[in-house]
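Welcome! Please take a look at the sequence and the structure below, and then read on for a short briefing.

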Amino acid sequence: MTKKLKVGIAGFGMIGPVHFYYTWAKSRNLAEVVGIAEPNKEILESKLQAAAKNVKELSSLLTDDDILGKVKKYDDYKDMLDDIDVLHVCLPHDMHRDAIFHALDKGKYVIVEKPLAIDSK
C-alpha cells in the first residue's frame with residue numbers, strides 16, 4: 001500500500017472546509033488531513049463539525065474518529081509544517097505569499113488557489 005500524503009490546511013474560514021471535504025471525497029486513498037491551522041477556535045470547531053458531517057454523507061461506515069481522529073489543531077500554519085507533506089493555503093489573499101514560501105522552504109508541496117500574491121513585490 002502506498003503511503004498517504006499528510007495534508008495540512010492553513011485557514012478554515014471560507015474555503016478550508018471545502019478542501020477538507022474534497023480531500024476526503026476525491027483523495028482519501030492518497031491523502032489524509034492531519035492538521036488544520038485556524039487561530040479562531042470558534043470558527044474552527046463549528047466548521048470542522050459541519051465538514052465532518054458532510055464527509056459522513058460519503059459513507060455510513062465513517063465515524064467521527066475516522067474523520068477527525070488524526071486531525072491536529074494549530075493556531076499557526078507554521079507550527080504544522082514539520083508534520084505534513086502538503087499545505088493547502090486557504091488563507092486571506094494577502095497571506096498567500098508568505099505561507100507559500102514558508103511551506104516551499106520546508107520542502108512541502110503547496111496547493112493554493114488564486115492569487116499567489118496580491119502584488120509583484
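Two strands pair if DSSP finds at least two bridges between them. Helices (H or I, at least four residues) and strands (E, at least two) are DSSP runs, numbered from the N terminus. You are looking at a predicted model, in which local features need pLDDT of at least 70 and side-chain atom pairs count only at pLDDT 80 or more, while totals for chains, interfaces and linings use all residues. Residues are numbered from 1 along each chain as its sequence is written, and side-chain values use heavy atoms, with hydrogens and water left out.

**Strands and their partners**

- E1 and strand E4 (residues 86-89) pair in the parallel sense over four bridges.
- In this pairing, Ala 10 stands opposite Val 89 in E4.
- E1 and E2 also run parallel, joined by six bridges.
- Here Ile 9 has Ile 36 of E2 opposite it.
- From E1 the chain passes through H1 to E2, a β-α-β crossover that is right-handed (with the strands pointing away from the viewer, the path from the first strand over the helix to the second runs clockwise).

**The nonpolar cores**

- A nonpolar core is a set of buried Ala, Val, Leu, Ile, Met, Phe, Trp, Tyr and Cys residues joined through side-chain atoms within 4.5 Å; buried means under 20% relative accessible area, exposed over 50%, partly exposed in between (1.4 Å probe, protein chains only).
- The largest core has 19 residues, and those with the most contacts inside it include Ile 9, Phe 12, Phe 20 and Val 33.
- At least two residues of this core come from each of strand E1 (5-10), helix H1 (16-27), strand E2 (31-37), helix H2 (41-56) and helix H3 (64-68).
- H2 gives the largest share, five residues.
- Leaving aside residues up to four places away in sequence, Val 33 touches Val 7, Ile 9, Phe 20, Thr 23, Lys 70 and Val 71 (contact means heavy atoms within 4.5 Å).
- There is also a second, separate core of 14 residues, with Leu 81, Ile 84, Leu 91 and Ile 100 among them.

**Aromatic pairs**

- Rings of Phe, Tyr and Trp (its six-membered ring) pair if their centres lie within 6.5 Å; planes under 30 degrees apart count as stacked, over 60 as edge-to-face and the rest as tilted.
- By this rule there are two aromatic pairs.
- Phe 12 and Phe 20 form an edge-to-face pair, 6.1 Å centre to centre with 85 degrees between the planes.
- Phe 12 is buried at 0% relative accessibility, and Phe 20 is buried at 0% too.
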